[in-house]
Structures are given as structure tokens and as C-alpha cells.
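Subject: A structure for you to explore

Hi there,

Here is the structure I promised to pass on to you. Have a look around it first, and then read my notes below.

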Amino acid sequence: MKRGLFLLTVALAIALIAISGFAQNGTIVAPESTRGLPGLKVHTPLYVYVPEGGIRPDAPPASAENPGSIACIYGVTPPTNGCPRSGSPVATGGTKAIAVVDYGHNSTLQADFNTFNAQYGLPTQTIQFICDCSSCPSSNGTGWDVETALDVEYSHAMAPNAQIIVSQFCSDPFEGGKTAAEWLAGQAVASLGGGEVSNSFGYGGEFSGETAWDQYMTVPTVVYFTSTGDSGCGTDYPESSPNTVAAGGTHVVRDSGGNFTGNENVWAGSGGGISSMEALPQYQLLLGNKLGPHRGTPDFSSDADPNTGVAVYSTTGCGGWCQVGGTSVSSPTLAGIINAAGSFKTTTMGQLSKAYQEYQNPGLYRKYFYDVTNGSNGGSCGAAKVGWDQGTGLGSPRNLAGF
């Protein structure tokens with residue numbers, strides 16, 4: 001797709017948003033999947049950053065983070081001074097499997113994945129596909145194609161030796177129980193020895209009866225991740241479930257020379273808050289004075305601000321390369337980081353129990369996490385605070401090897 005045609009398509013298909021403040025020398029736009037496809041209950045917390053002059057799809061955006069810089073920022077690779085967006089080495093670890101759950105089938109995904117891997121020197125891999133109906137609808141041009149490309153590319157970028165599985169749904173990822181894409185994703189990961197499932201979608205809020213679906217994120221040997229959403233302070237499902245690691249969003253801070261300062265701020269659009277439906281899980285009992293009787297989110301966070309978004313390759317969605325943000329980035333990135341750590345637990349409960357246990361030990365907490373104390377996701381959640389908060393949870397990972 002030519003650049004002019006892509007921009008025309010974007011102009012017809014997106015809505016301008018302001019949740020992250022003014023874009024830096026560009027515009028932040030939302031694809032149709034984020035505004036909601038007709039007849040589909042879930043949406044993506046996904047945004048495309050369009051620089052002044054438009055997207056140039058023939059090369060990764062110079063302003064975008066990428067597999068090397070993200071791996072450096074979060075300690076997946078040995079430290080490189082400043083974690084430059086050009087020249088930071090890519091990850092080489094990972095094991096077993098990671099599944100991503102997305103709507104429909106994108107016809108160019110495997111070819112796009114090959115292009116992405118070649119660009120960054122990542123190993124090639126044949127994606128495994130499953131579908132919860134006999135014939136998955138096409139996601140080409142809906143925004144879900146960009147979402148799926150993002151999910152596949154960044155879970156693989158953090159853990160390149162893990163098998164990537166795309167669990168495609170036709171209408172809803174949870175309805176249908178043990179025939180739905182969510183359950184099938186967990187089963188597929190477990191069949192390969194375990195790993196993670198990443199969910200970059202939400203229902204637009206919590207609802208009565210959601211707790212009945214929590215059971216579909218409990219396949220043994222699998223740790224589940226979910227995006228916290230894109231509307232700032234407030235909870236969504238499935239991120240509110242105690243059976244998932246709720247993935248919040250940050251803004252990566254670089255200096256005038258483009259060097260990573262070591263700091264991150266809360267992304268203003270990052271979802272998070274106190275659930276109205278889910279009870280306080282045992283692993284968060286130590287936060288009872290902050291949460292009362294209900295689950296609080298996020299748990300972990302990573303880069304999500306579209307202004308500091310990541311480079312994604314999608315033929316049908318971007319016409320090639322584009323810069324993407326939203327907590328859609330956080331979930332697959334964190335799933336890959338935990339996989340690459342090589343010591344992930346066999347359940348979400350185990351993973352989060354370990355994390356909150358470390359939180360009680362200041363030395364271990366500072367070793368494994370960066371406490372985000374600047375910025376706000378607004379509303380009753382308020383500004384970031386020392387320790388766990390409703391903007392970024394425990395904070396963002398730092399060198400989780402051995403965690």
C-alpha cells in the first residue's frame with residue numbers, strides 16, 4: 001500500500017484521541033479495532049503514532065522503540081549504555097510457548113513476521129494458528145491486523161526461542177467456555193510444555209457475571225497477561241481478573257541526545273484501578289489498606305505511550321512499518337520478558353505471589369522492578385506514588401533473570 005493511500009485510509013477509519021496529551025510532532029490515531037468493530041464486544045487498546053509528514057512505511061520509524069532497545073530497557077539483554085534505538089542487541093532467549101489471542105485471520109501475518117525478523121536479526125519461525133470456529137473471518141484492514149502483528153512480533157522479540165501461537169476468535173474470546181479462543185490458547189501453550197498467554201483486548205469495563213469467565217484462564221503451566229486498557233483511571237475485563245497479570249503502560253524517558261535515562265513515567269492512558277467485581281486475591285493481601293476488599297490493577301507495566309511506541313510491520317494495516325502504542329504493547333512485551341527470564345511459575349497465581357512477595361523485600365524489589373513515581377493516569381487513581389499504585393502497579397521490570 002502506498003503512503004498516500006494509507007493516510008487516506010487512516011483519515012477515513014480513525015478518530016483523533018487525546019488521552020496521552022499532545023503528540024510530539026505528530027498525531028495519535030485509533031484504528032477501527034480500538035473504537036470497536038460492529039458486532040464485536042471487545043476492542044483493542046491500540047494506537048498508531050503518525051509523525052508530521054505522514055507514515056513512511058518503507059523503514060522502521062526512527063522515533064520508535066524496537067526489539068533491541070526494549071530488550072535493553074527491561075534488562076532482557078546485557079546493559080548497553082543509553083539503550084540506543086539503533087545498535088542495541090536483540091534478545092536470544094525464550095522457551096516453550098507464548099500464545100496471543102486476537103480476532104480473525106490476517107493473510108499477510110507470516111510474511112510480515114518474516115520481514116520484521118529479518119530487519120532486526122531475529123530468528124525465523126513458523127507461526128502456529130488455531131481458530132475457535134470452522135473459518136475465521138479476515139482481519140485485514142480492521143486494526144486487528146496491526147494488533148496481531150504487534151502481539152506476535154513483540155512476544156517473539158523478547159523471547160525468540162518460544163513458539164508463537166495465534167489463537168483466533170470469530171466473535172468473542174470467552175463466550176463458548178472450553179471451545180472459546182481463550183481456553184484453546186491455554187491448552188495449546190500447555191501442550192508445548194507451558195508458557196504464557198497474552199490478551200491485548202478489553203470489553204470496555206467490568207460487568208456482572210465476569211467472574212464466571214475467570215476459570216478459563218487457569219490452565220496449568222500457563223501464566224496469563226492482559227492489557228489494562230487505554231482510558232486512564234478505570235478497570236476493564238479481563239485485566240481485572242485475579243487470574244491474569246494486568247499489564248499497565250509507561251512512557252519511556254530519553255534525553256535530548258536520545259539516550260534512555262533509566263526513568264519511565266505513567267502513560268496517561270494506562271488503565272488501572274480497583275475492581276468492582278473481583279475479590280481481593282491472596283497475593284494482594286499486603287495491599288489491603290489501599291484496595292479494601294477488591295482486586296487492584298495493574299500488576300506490572302512497560303512501554304505503551306504511542307509517543308514512545310514500538311516499530312511494527314503490518315502490510316494490510318500500515319502498508320509496511322509504523323509506530324504503535326497503547327497497553328496492547330505492554331501485554332505481549334511483558335509476556336515475552338517473563339518467558340525470557342527462564343524461571344516463570346506454572347500459574348498466574350504463582351507468578352504474582354512471587355512478585356508481591358519480592359515487593360515486601362526492598363532490596364529484591366529494587367533489583368527486579370523500577371518503581372514508577374512520575375505521571376498520572378487521572379481520575380480517582382491520581383498521580384503515581386512510591387510503591388504499588390493504580391498507574392503502573394509494582395512498576396516496570398528490570399533484569400528479571402532468575403526472578
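**Disulfides**

The torsion about the S-S bond of Cys131 and Cys136 is about 95°, so this disulfide is right-handed. Please keep in mind as you read that the model is predicted. The sulfur atoms of Cys131 and Cys136 are 1.9 Å apart. Cys131 is partly exposed, because its relative accessibility is 25%, while Cys136, at 17%, counts as buried.

How many disulfides does the structure hold? There are five. If you number the bonded cysteines of the protein chain in sequence order, they pair as 1-2, 3-5, 4-6, 7-10 and 8-9.

Another of these links runs from Cys133 to Cys170, with an S to S distance of 1.7 Å. The angle about its S-S bond is -65°, and the link of Cys133 and Cys170 is left-handed. This pair connects distant parts of the chain, 37 residues apart: Cys133 sits in the loop between strand E5 (128–131) and helix H5 (144–158), and Cys170 in the loop between strand E6 (163–169) and helix H6 (181–191). Cys133 has a relative accessible area of 29%, so it counts as partly exposed.

Then there is the disulfide between Cys72 and Cys83, with 2.1 Å from S to S. Cys72 belongs to helix H3 (residues 67–73) and Cys83 to the loop between H3 and strand E4 (97–103), so to speak two distant parts of the chain, 11 residues apart. Is this disulfide of Cys72 and Cys83 left-handed or right-handed? The torsion about the S-S bond is about -70°, so the disulfide is left-handed. Cys72 is buried at 7% relative accessibility, and Cys83 is buried at 6%.

**Salt bridges**

A search of the whole structure turns up five salt bridges. In one of them, the side chains of Glu264 and Arg398 come together at 2.9 Å, N to O. Glu264 is in strand E10 (residues 260–266) and Arg398 in the segment after strand E17 (396–397), so the pair ties together parts that are 134 residues apart in sequence. Both Glu264 and Arg398 are buried.

Asp299 and Arg295 also form a salt bridge, at 2.7 Å from N to O, and both of these residues are buried.

Lys354 meets Glu358 in a salt bridge whose closest N and O atoms are 2.9 Å apart. The two lie about one helical turn from each other, because Lys354 and Glu358 are four residues apart in helix H10 (residues 348–359). Lys354 is partly exposed at 22% relative accessibility, whereas Glu358 is buried at 6%.

**A charged residue without a partner**

Now turn to Glu153, in helix H5. Glu153 is buried yet has no salt bridge, and the nearest side chain of opposite charge, Arg85, is 17 Å away. Which residues does Glu153 contact, leaving aside its neighbours within four places in sequence? They are Asp112, Phe113, Phe116, Val312 and Tyr313.

**An enclosed strand**

Finally, look at strand E7 (residues 195–199): five of its five residues are buried, so the strand is largely enclosed by the rest of the structure. E7 runs parallel to E4, joined to it by five bridges, and Ile98 stands opposite Glu196 of E7. Five bridges also join E7 to strand E8 (residues 222–227), again in parallel. There, Asn199 has Thr226 in E8 as its bridge partner.

Enjoy exploring, and write back with any questions!

Best wishes

Methods: Residues numbered from 1 in each chain as written. Predicted model: local features only at pLDDT ≥ 70, side-chain atom pairs only at ≥ 80, totals over all residues. Heavy atoms only, no water. Disulfide = S-S within 2.5 Å. Buried < 20%, exposed > 50% of the residue type's maximum accessible area, 1.4 Å probe, protein only. Lys, Arg positive; Asp, Glu negative; His and termini not counted. Salt bridge = Lys/Arg side-chain N within 4 Å of Asp/Glu carboxyl O. Contact = heavy atoms within 4.5 Å. Pairing = 2+ DSSP bridges.
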